Amino acid sequence: MSCPPSLTGLRRTVVALLAVVAGGVAAGAAPWAPTGLAAQVTGSAGSDAVPSPIEHFGFEIGADRQLADWNELTAYFERLAETSDRVVVDTLGPSTAGRPFVMLTITSPENHARLDELHAIQMQLADPRTVDGDAELERLLDEGRTVVLLTQGIHATEVGASQMSANLAWELAASDSERVRRILDEVILLQIPSLNPDGLQWIVDWYSELVGTEYEGAPLPWLYHAYVGHDNNRDWYAFTQEETVLTVQKAHNAWHPQIVHDVHQMGGSGARIFFPPYIEPWDPNIDPAITAAVNQLGSYMAAELTAQGRKGVVVNAQYDAFTPARAYMHYHGAARILSETASARMATPITVPPEVFGPRRGYDASKRSWNYPAPWEGGPWGLPDIVEYQKAGAMALLTNAAANRRYWLENFWAINRRAVEKWEAWPDAWIIPSGPEPEPGVTYAVRALTMADVEVHRTEEDFALDGTTFPAGSFVIPMRQPYASFANTMLEVQEYPDLREYPGGPPLRPYDVTAHTLGYLLDFDAIAVDGAIDVALSDPISFPDFDFRIPEHLEGPDAPRVALYKSWQEPMTEGWQRWVFDRHAMPYDTLHDAEIRAGALAAYDVLLLQSQSAESILRGHDPARMPAPFAGGLGTEGAEEVRRFVEGGGRLIAIEAATDFVRDLFGLGIADATASLPSTDFYIPGSILRLELDGSSELAEGLRSETSAWYWRSSMAYEVDDPRVRVAARYGAGDPLLSGWVLGGEHIAGRPAILEADIGAGSVVLFGFQPNYRAQTMATWPLLFNAIRR
């Protein structure tokens, strides 16, 4: 793994893992407790003994230009656990870079004393098949507690939430107010103060080093997650990153909370804070009662903050609820409450002029409306405001969870009961054909389903159904089970609605993407079945590990020497590419601008440019905003090194926007055929398309003539007017859409999608689509691997 560099003079922080019980869970610990459980010290000292944040940190949490780092925060949480009998701290495991990934359990001492019993109740409500009649159900509903999971700090530059976590934990640990007492009595709070401890530490170190200089508030010049940056909040069905896996296995699946509050920040030029309701569309596999629960809880939170006199609270704007990539809990009986608070420049305050306010997605920031009843007029805004708004939102949510405990438990049980009874729109089962040794894409899909607590079985013998014979070892997913909605959304084809800003107007942009059909992404068949399956099935299987297989030509002494360009404006696609290479144990190096300018390419056979604009590659960060050596890009000197590399026999692979750099460098007669089209005529915001391969190209070696490809906002379809350029693949003729939404598909149907050209003694390969979309498109990984050749 390529680790972020250290800034010269940057203070180095050594984070020690919290003490881990040797040999796993301590003797006598609850069987559902996290493995690697930290020592749990829950002293019975009174609230006077509980240290306040200012006593521990030496400054007010939320003060301008002051940030607590991960060492300081985890030390504070341990002090809370030592001095308050309301708080327990667990280390769920290590982060990607080895830092402790912690979770606080906060509830009343009485609830802590019977936590095993309350956990058992929650597990029964999560699976109605285990509830023995109405009398037992009534007992569970009477005795259970609302379980709330509070997740903070996944995006490390959104600094407020993890800082706020200390203030919130302290109030719940120390306050004797009636409001807090009721929350503690009725709610079990699972608080993850940072979903990204590595990024938090890097951001605090970077920001603190630059405070008071002309570079204060400059962006971090590497991804704030070791591999995926901002996309760490798009990993909630593929489960590729360590932090995602820890959260899913040891928080979500360990407790199956009724409510998940995901605390974020957004741009600073509109509303001050967003709560649901979300805008359309919702994924149709989400239970209507979840939608209603989200609507009432988000509206309550907005009403409470507005009643407190806080301006700029908006609902029903900007954010939709379509993709499971951001909403694991919606397929597990829980309401996801996303809050988005306006940002400053990390911890540096800003002044927002009222002139920047105007129409936004779902509201006008300059006007009062039903969903934005108290507009914010502009002015100073900083970390103190962010922390106060976020804490007020969290307390409002917990107040609702406590006051409506019975509703939350009963609604949760009923949602899961309807899943067990099976929705009419769902098939009776899904079958994934497979022999005893599954293909890697099937293993990937089965891992995702089983990690999501979906019950998956294997057939114990061959069987026939509707004229099709399925081999022993095929996978069967019965749809009468609590989390069948997750299985259905991941296996069916998405039909995203054609939504417009107004009739005949431009498309209403999805907040993320419109497709996630695993069969197309991972290259396997999934068959929906109605009626009984007459074959012996295994017990539900446990989740397998990834089965990634490096191609033979990329192994051994004759393998090409591969360099991956790593800009100081590093795109997330580059990080995802590193993750795929690392998981395949494929040798490669990352090269920065200065290394390329110094002639480092002479030691390599292949250079890969992931999706990044030509402007960013050439110019990088503005030297006025970024200290050396992180300012600037390749420049003309580096571009000439790339030219010499190719003309001297090297292979250059460029993806999406980076192909513009290659086009300009070598004067290729190619263009994006969709570049001048308005969005009213052509729009593909993230969908799966048919791809037709030219069998004469080495890129198609070992592949069928047709596969699927991921197309989104940065993708392109080519026009070619250059005899040097060959077409290796085209988007499907006719209607290219497989899953998602395409507007104006005729503009790319049959057009070139992958190009090849010989340049001097070397060659270039240009991908118009993303062959490695968030490490999910195994269907097109072989095309990229086949391109990596001497």
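The following legends describe close-up views of side-chain contacts in a predicted model. Local features need pLDDT of at least 70 and side-chain atom pairs count only at pLDDT 80 or more, whereas totals for chains, interfaces and linings use all residues. Residues are numbered from 1 along each chain as its sequence is written, and side-chain values use heavy atoms, with hydrogens and water left out.

**View 1. A salt bridge joins Arg86 and Asp176.** The N to O distance of this pair is 3.0 Å; a salt bridge requires a side-chain nitrogen of Lys or Arg within 4 Å of a carboxyl oxygen of Asp or Glu. Arg86 belongs to the loop between helix 2 (70–83) and strand 1 (87–94), and Asp176 to the loop between helix 6 (160–174) and helix 7 (178–186), 90 residues apart. Helices (H or I, at least four residues) and strands (E, at least two) are DSSP runs, numbered from the N terminus. Arg86 is buried at 5% relative accessible area, while Asp176 is partly exposed at 47%. Buried means under 20% relative accessible area, exposed over 50%, and partly exposed in between (1.4 Å probe, protein chains only).

**View 2. Asp198 and Arg99 form a salt bridge.** Their closest N and O atoms are 3.1 Å apart. Asp198 lies in helix 8 (residues 197–210) and Arg99 in the loop between strand 1 and strand 2 (100–106), so the contact ties together parts 99 residues apart in sequence. Both Asp198 and Arg99 are buried.

**View 3. Asp523 meets Arg704 in a salt bridge.** The N to O distance is 2.8 Å. Asp523 is partly exposed, with 37% relative accessibility, and Arg704 is exposed, with a relative accessible area of 51%. In total, the structure holds 44 salt bridges.

**View 4. The rings of Phe463 and Phe470 are stacked.** Their centres are 5.0 Å apart and their planes at 20°. Rings of Phe, Tyr and Trp (its six-membered ring) pair if their centres lie within 6.5 Å; planes under 30 degrees apart count as stacked, over 60 as edge-to-face and the rest as tilted. Phe463 is buried at 6% relative accessible area, and Phe470 is buried at 2%.

**View 5. Tyr683 and Trp741 form an edge-to-face pair.** The centres lie 5.7 Å apart, with 75° between the planes. Both Tyr683 and Trp741 are buried.

**View 6. Arg447 lies over the face of Phe546.** The distance to the ring centre is 3.9 Å. A charge sits over a ring if NZ of Lys or CZ of Arg is within 6 Å of the ring centre and within 35 degrees of the ring normal.
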